[in-house]
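Dear colleague,

I am passing on the structure below, and my notes on what was found in it follow directly after.

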Amino acid sequence: MEDLIKALQIFLKYKNELWPTHCEHDTLYIIGIDKDMVSDEDTEELDKLGFFWSDSEGAFISFRFGSA
């Protein structure tokens, strides 16, 4: 859970969405934050925490946190 909280804190630096996530088919989506908004350093840290940018989905996603 610690990695998820760290990742959400990084995303919070860029935008404070009212409904920031969506989960579907074992994938957790972060809503409203575009890859161009996030620094290279934070993108690298997010990758270590289990999130990456998906061009096909147009969102940061995680398979690690998308299923129980």
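In this model α1 passes α2 in a left-handed crossing, a term used when the near helix is turned anticlockwise from the far one by less than a right angle. The model is predicted, so local features need pLDDT of at least 70 and side-chain atom pairs count only at pLDDT 80 or more, while totals for chains, interfaces and linings use all residues. Residues are numbered from 1 along each chain as its sequence is written, and side-chain values use heavy atoms, with hydrogens and water left out.

The axes of the two helices, which are lines fitted to C-alpha atoms over the stretch in contact, with angles from 0 to 180 degrees between N-to-C directions, come within 9 Å and cross at roughly 155 degrees. α1 and α2 are therefore roughly antiparallel to each other, the word being used for angles over 145 degrees. Where they meet, with contact meaning heavy atoms within 4.5 Å, the residues of α1 include Ala-7, Ile-10 and Phe-11, and those of α2 include Leu-46 and Leu-49.

Leu-46 also touches Val-38, Phe-51 and Phe-60, not counting residues up to four places away in sequence. The largest nonpolar core has 13 residues, with Leu-46, Phe-51 and Phe-60 among those with the most contacts inside it; such a core joins buried Ala, Val, Leu, Ile, Met, Phe, Trp, Tyr and Cys residues through side-chain atoms within 4.5 Å, buried being under 20% relative accessible area with a 1.4 Å probe, protein chains only. α1 gives the most to this core, with 3 residues.

Best regards

Conventions:
Buried means under 20% relative accessible area, exposed over 50%, partly exposed in between (1.4 Å probe, protein chains only). Helices (H or I, at least four residues) and strands (E, at least two) are DSSP runs, numbered from the N terminus. Angles under 35 degrees count as roughly parallel, over 145 as roughly antiparallel, 65 to 115 as roughly perpendicular and the rest as oblique.
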